[in-house]
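Reader: I would like to learn how to read helix packing and salt bridges in a model. Where do we start?

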Amino acid sequence: MSTLSERLAHGRRTVGLSARELSALAGLSSAAVTRLENENRPRPSASTIAALSAVLGCTFAWLLDGTGEEPMAEAMRLSVAEARARRAAQQPHAATGTEG
């Protein structure tokens, strides 16, 4: 994997995320990951790389330029589960539809 686009797509597929869900978990626009994977965007900001690497459970350096060890799939899955839990905790709860 020689490009950021390839590493991002690999990481996303490893953990079974859609581009839209990864974008949402990272706090990015819904099309951000798709644009990065298709290389339709200039080099992303450091904050974008940091947000994506935090969700995917990989290092900033590995995602950005491929340096260091490739992250282990199980660690990546755990990181995504934690990101999902944080997101769920931040969302307002829907009404149950029952009266009490």
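Author: This is a predicted model. Start with helices α1 and α4, which are roughly parallel to each other, because an angle under 35 degrees counts as such.

Reader: At what angle do α1 and α4 pack, and how far apart are their axes?

Author: The angle is about 30°, and the axes lie 10 Å apart. Helix α4 covers residues 46-56. The crossing of α1 past α4 is left-handed.

Reader: Which residues make the contact between α1 and α4?

Author: From α1 come L4, L8, G11, R12 and V15. From α4 come I49, L52 and L56. Sorted by class, the contact has 6 nonpolar, 1 polar and 1 charged residues.

Reader: Now the charged side chains. What is the general idea?

Author: Side chains of opposite charge can pair when their charged atoms come close. The cut-off applied here is a Lys or Arg side-chain nitrogen within 4 Å of a carboxyl oxygen of Asp or Glu.

Reader: How many salt bridges does the model have?

Author: The count is 3 salt bridges. One of them joins E37 and R12, with 2.7 Å from N to O. R12 sits in helix α1 (residues 4-15) and E37 in helix α3 (residues 32-37), so this pair ties together parts 25 residues apart in sequence. R12 is also one of the α1 residues in the contact with α4.

Reader: Are E37 and R12 buried or exposed?

Author: Buried means under 20% relative accessible area. E37 has 18% relative accessibility and so counts as buried. R12, at 14%, is buried too.

Reader: Which residue forms a salt bridge with E21?

Author: R84 does, and the closest N and O atoms of the two are 2.8 Å apart. E21 belongs to helix α2 (residues 19-25) and R84 to helix α6 (residues 73-90), which makes this a link between distant parts of the chain, 63 residues apart. E21 is partly exposed at 24% relative accessibility, and R84 is partly exposed at 37%.

Reader: What separates R77 from E74 along helix α6?

Author: About one helical turn, because R77 and E74 are 3 residues apart in helix α6. These two residues also form a salt bridge, with the closest N and O atoms 3.8 Å apart.

How values were computed. Residues numbered from 1 in each chain as written. Predicted model: local features only at pLDDT ≥ 70, side-chain atom pairs only at ≥ 80, totals over all residues. Heavy atoms only, no water. Helix = DSSP H or I, 4+ residues; strand = E, 2+ residues; numbered from the N terminus. Buried < 20%, exposed > 50% of the residue type's maximum accessible area, 1.4 Å probe, protein only. Axes fitted to C-alpha atoms, helices over the stretch in contact; angles between N-to-C directions. Parallel < 35°, antiparallel > 145°, perpendicular 65-115°, else oblique. Left-handed = near helix turned anticlockwise from the far one by under 90°. Contact = heavy atoms within 4.5 Å. Nonpolar A, V, L, I, M, F, W, Y, C, P; charged D, E, K, R; others polar.
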